[in-house]
Amino acid sequence: MYEINEKASEILCPNLLDYVYRSTPRTRLGGKIYTATEYPADRSIPLHNENSYSKSWPEKIYFFSIIIADEGGETPIADSRKVYKKIDQSIKDLFEKKGVCYVRNYTPGIDLSWQEVFQTDKKTDVEKYCVEHGIELEWKTGTTELTTKQICQATLTHPVTKEKVWFNQAHLFHPSSLGKDQLESLIRELGEENLPRNALFGDGTPIDVGTLNHIREVYSQDRIKFKWQRGDIMMLDNVLMAHSREPYKGERKVAVAMS
């Protein structure tokens, strides 16, 4: 099945990508086919464009439905052009002026390790990747092993359609995306400055939670939700379209490729 899925992706676009500088756990199924984000079944994954927390992202993303969940498990999508148009102009102006700074603290046993994110256990490889991609890094002693910071775009102009799109993951990386109990537990254990992830404006100033809630609400207004059928293939322009995942019950398997 995975070989067939990879062949279909290669026919549509021959330049499949490896998943490096990871934000979520995935398992390689074969070749350059991966599982969709491995996240607890009882939780939803918010709408987002793949790798929009970085300066390097796939142009296309392919989903392959292998096992249908007994309940839920849909992959809602949203048009990033419509999202951009609906976000309050003052918020767009602020994000476009300042950009988004993503802060990641790598602490063993919490969130992804730096070894999994960068797909290496060599610090020199991590340093090389960060230099090449404009990521500031600091190796530390103590609980947190590594801190990285990267200032990225908040919006894009699509290279073909020339339309503006909302293209960042501030609403995912910001601590307000966590449940209250989970956030309080992490702060007690690590301290606010060592949370696994955070999103700030590019100048280092905090992003107001009300602003992020407005963005989340705009995303929710334009969700397109559909039922998977076994064997379905969905190909998205990753700049034009955001995707997400609904909670589910039973077994679910969706494979992913990027190009």
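D79 is buried in this predicted model, with a relative accessible area of 12%, where buried denotes under 20% relative accessible area, exposed over 50% and partly exposed the range in between (1.4 Å probe, protein chains only). The residue D79 is found in strand β6 (residues 77-79); strands (E, at least two residues) and helices (H or I, at least four residues) are DSSP runs numbered from the N terminus. Not counting residues up to four places away in sequence, D79 touches L240 and M241, a contact being defined by heavy atoms within 4.5 Å.

The model is a prediction in which local features need pLDDT of at least 70 and side-chain atom pairs count only at pLDDT 80 or more, whereas totals for chains, interfaces and linings use all residues. Residues are numbered from 1 along each chain as its sequence is written, and side-chain values use heavy atoms, with hydrogens and water left out.

The chain comprises 8 helices and 16 strands. Of its 259 residues, 49% count as buried. Among the contacts in the chain with a separation of 6 or more, 78% are between residues 24 or more positions apart.

Strand β4 (residues 60-67) is mostly covered, with 6 of its 8 residues buried. Strand β4 pairs in the antiparallel sense with β13 (residues 233-237) over 5 bridges, pairing requiring that DSSP find at least two bridges between the strands. In this arrangement K60 stands opposite D237 of β13. Strand β4 also runs antiparallel to β16 (residues 253-258), to which 6 bridges join it, and S65 has V254 as its bridge partner in β16.

In the loop between β3 (45-48) and β4 lies S52, which is buried at a relative accessible area of 0%. The side chain of S52 makes a polar contact with the side chain of Q169 (3.4 Å). A polar contact is a pair of N or O atoms within 3.5 Å; within protein, one must be able to donate a hydrogen and the other to accept it, and residues adjacent in sequence count only if both atoms are side-chain atoms. Leaving aside neighbours within four places in sequence, S52 is in contact with Y102, Q153, F167, N168 and Q169.

The structure holds 10 salt bridges, each defined as a side-chain nitrogen of Lys or Arg within 4 Å of a carboxyl oxygen of Asp or Glu. One of them joins the side chains of D111 and R197 (2.7 Å, N to O). This pair links distant parts of the chain, 86 residues apart, with D111 in the loop between β7 (100-106) and α4 (114-118) and R197 in strand β12 (residues 197-201). D111 is partly exposed at 41% relative accessibility, whereas R197 is buried at 16%.

A salt bridge also forms between the side chains of E132 and K128 (2.6 Å, N to O). Both residues lie in helix α5 (residues 123-132), 4 residues apart, about one turn of the helix, and both E132 and K128 are exposed.

The side chains of R223 and E246 meet in a further salt bridge (2.9 Å, N to O). Because R223 lies in the loop between α8 (209-221) and β13 and E246 in the loop between β14 (241-245) and β15 (248-249), the pair ties together parts that are 23 residues apart in sequence. R223 is partly exposed at 36% relative accessibility, and E246 is buried at 15%. Salt bridges that share partners also join D79, R81 and E163 into one network.
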